[in-house]
Number of protein chains: 2
Amino acid sequence: MIIHKGSKRFLSKLYGKNPLFICVIGNTETAKIPGISAAGANPELTDYTPPADAEYLFYGKCRCIPGVPITPEGIPTPALITRSALKIAGIQKIVVNAGLRIPPKIPFIDVQGSPGGNIRKGKALDGRRVEEILENARTAGQILSGFADYLVIGESIAGGTTTALGVMLSMGINAEGKVSSSMPENPHDIKIRVVAEGMRKAGIKKGSCADDPVRAISCVGDPMIPAFSGIVLGAKVPVLLAGGTQMGAVLAVVKALSSIKNLCVATTRWILQDKQADLLGIIQQVGRIPVAGADIDFSSSPEGLREYERGAVKEGVGAGGAVISAILKGANMERMVRDIEREYRRLRNA
Amino acid sequence: MIIHKGSKRFLSKLYGKNPLFICVIGNTETAKIPGISAAGANPELTDYTPPADAEYLFYGKCRCIPGVPITPEGIPTPALITRSALKIAGIQKIVVNAGLRIPPKIPFIDVQGSPGGNIRKGKALDGRRVEEILENARTAGQILSGFADYLVIGESIAGGTTTALGVMLSMGINAEGKVSSSMPENPHDIKIRVVAEGMRKAGIKKGSCADDPVRAISCVGDPMIPAFSGIVLGAKVPVLLAGGTQMGAVLAVVKALSSIKNLCVATTRWILQDKQADLLGIIQQVGRIPVAGADIDFSSSPEGLREYERGAVKEGVGAGGAVISAILKGANMERMVRDIEREYRRLRNA
């Protein structure tokens with residue numbers, strides 16, 4: 001049920017323990033570049049995707065948008081998986097606002113970030129702001145560590161793999177053609193072009209920010225990255241980084257500011273099997289870091305969910321890590337899949 | 001060390017348990033009415049008092065204001081007591097922003113409130129906003145309940161006893177001349193006059209909002225009251241209401257929206273002994289609710305702290321409840337007082 005890529009020993013220590021799930025959400029204008037993101041039916045709607053995911057996670061429905069978190073093609077948000085896993089395993093959750101245009105109608109932890117600009121301009125965030133997010137998130141990581149045996153941190157930010165690519169390239173990680181996409185056809189060319197233009201405008205080169213993650217983020221990153229990294233840096237308990245290739249950017253930032261320890265990347269099988277991306281190839285460049293994948297199978301599920309098996313969505317809202325932590329707490333994978341299917345039907349009929 | 005007013009049985013169940021301390025902070029323009037508040041050297045500074053308290057609680061220093069949280073007369077914020085108690089007992093803490101002009105430079109939980117207006121105008125907050133705060137805070141209470149065996153909720157809002165008086169009178173609690181003050185000479189006349197003017201402008205009468213707490217708050221309340229009440233309403237574990245006479249307003253709101261159960265008011269000896277106020281007389285009107293007081297003694301402490309024994313400050317930032325929960329977790333009162341004295345000297349010399 002869990003695909004181990006060096007994670008067996010790490011995860012074995014977390015069996016039966018009590019995790020806290022944290023979802024870090026933010027916006028980047030980068031998501032509105034045509035062709036970049038599928039998270040939102042049209043570019044302007046990407047502003048609503050993260051708060052809608054967060055609301056769905058808490059209430060089983062969205063509040064800042066009408067309707068349900070399903071694309072017109074019938075493909076549901078990965079928050080469906082996350083919510084089901086956390087619910088079945090009785091795992092506590094909390095949302096961190098890293099910088100949003102529209103706040104979700106739920107209580108959340110504010111680290112005083114702001115939405116990120118279009119990285120094509122080379123100015124994603126003010127450097128001071130990046131430092132403040134990092135520092136506030138570090139304190140948040142300390143606080144939240146007091147509430148659980150380990151942390152599971154997920155994210156929702158439309159356009160996030162492009163900004164992650166920007167941060168990784170600026171920090172010297174060879175990530176071109178390796179970041180994932182929520183679309184079956186990964187628009188690597190557009191992502192690489194956007195990042196290259198942003199780096200040129202910002203006057204940075206590949207690897208020139210290897211020791212300056214704040215600069216990398218402020219030029220071509222997004223607010224989720226420092227918020228997520230700060231929580232990891234402040235954590236005093238083990239951490240599951242619940243995400244796909246964006247975790248490469250988080251790990252690069254964490255490594256540059258401190259050291260990599262007591263953590264594991266937790267994602268989905270769909271990410272590990274993605275032939276158009278290379279999570280392990282990214283992670284290996286940062287260090288020997290355990291990676292685990294949740295072996296969720298939607299091949300017998302209703303159409304819409306089955307799109308996940310054809311390369312849609314793949315990961316997000318910490319879906320893979322949520323499922324893995326639920327399994328570690330004793331949840332049954334089949335029961336989770338059945339619950340997700342039931343919930344999907346409910347949403348479709350709503 | 002704990003003065004019991006019907007609280008012995010309730011508190012006995014919390015011995016050795018693991019609490020979470022929550023500090024709810026907000027602003028009301030009411031604090032700027034001359035003579036109302038001592039929390040801040042001049043009326044405009046009252047905007048900074050709650051965020052400065054919250055910052056001090058986390059970092060032992062303020063960030064949004066220069067200098068230390070001590071009045072020109074040398075009287076320190078009660079956050080000094082709270083911080084020391086939580087530190088010694090190893091109690092986790094988190095801040096909830098109910099509606100602030102200036103956000104503290106720490107991570108906090110946002111319930112999407114806004115600062116309250118001057119209640120003299122009879123329009124403290126939009127009614128919709130009050131409902132949103134209540135609902136978000138209720139969810140926050142549910143979330144935070146998952147992190148501890150019981151909750152200890154304190155507050156910091158300059159001008160808060162006047163808005164509490166407003167809510168209590170509108171809801172039919174005879175609280176005139178009974179609310180406390182952070183000043184040795186309690187300006188009851190000004191408070192009563194301000195509330196009366198606000199109620200007249202809002203078209204409400206004593207008791208006319210007995211079943212409509214949202215209206216009472218929106219006319220003559222403040223954002224702290226619905227945020228605090230919402231957390232209590234959402235809590236699934238026992239709650240210590242760590243405050244003075246303002247807790248009467250919170251309890252009235254909680255009772256009107258649900259029922260009073262599994263809670264206790266936790267305050268200081270200075271509040272219980274206050275001859276210019278009547279906490280028990282207020283609480284009794286809401287119901288048979290246990291009250292406990294922390295028997296903190298500053299009579300042999302340095303001048304400045306000793307002002308607490310002469311009626312300055314008395315309570316705030318959940319000081320009394322923080323000390324009580326620290327004692328329940330095994331902390332020693334003398335050690336806490338020595339630590340507070342040491343910290344006070346450090347701040348004075350800074």
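Between chain A and chain B, about 2,100 Å² of area is buried, and carbon and sulfur atoms give 58% of it. Buried area here is the accessible area (1.4 Å probe) that two parts lose on being put together, summed over both. Three residues stand out on the chain A side: A:Pro107, A:Ile143 and A:Phe147 supply 28% of what chain A buries against chain B, more than any other three residues.

Before going on, a word on the model. It is predicted, so local features need pLDDT of at least 70 and side-chain atom pairs count only at pLDDT 80 or more, while totals for chains, interfaces and linings use all residues. Residues are numbered from 1 along each chain as its sequence is written, chains are lettered from A and ligands numbered from 1 in the order in which they are written, and side-chain values use heavy atoms, with hydrogens and water left out.

Now for who touches whom. Counting contact as heavy atoms within 4.5 Å, 24 residues of chain A meet 24 residues of chain B. The rule also finds two salt bridges across the interface, a salt bridge being a side-chain nitrogen of Lys or Arg within 4 Å of a carboxyl oxygen of Asp or Glu. In one of them, A:Arg63 pairs with B:Glu135 at 2.6 Å, N to O.

Which parts of chain A do the touching? Helix 2 (49-59), strand 3 (92-99), strand 4 (108-110) and helix 4 (127-145) each supply at least two residues. Helix 4 of chain A gives the largest share, five residues. Helices (H or I, at least four residues) and strands (E, at least two) are DSSP runs, numbered from the N terminus.

Strand 4 of chain A also runs antiparallel to strand 4 (residues 108-110) of chain B, joined to it by three bridges; strands pair if DSSP finds at least two bridges between them. A:Asp110, for instance, has B:Phe108 as its bridge partner.

Finally, the symmetry. With copies superposed by least squares on the C-alpha atoms of residues with pLDDT of at least 70 in both, a rotation of 180° with 0.0 Å of shift along its axis puts chain A on chain B (RMSD 0.0 Å). The two copies are thus related as by a two-fold rotation axis. In chain A, the C-alpha nearest that axis belongs to A:Ile109, 2.1 Å away.
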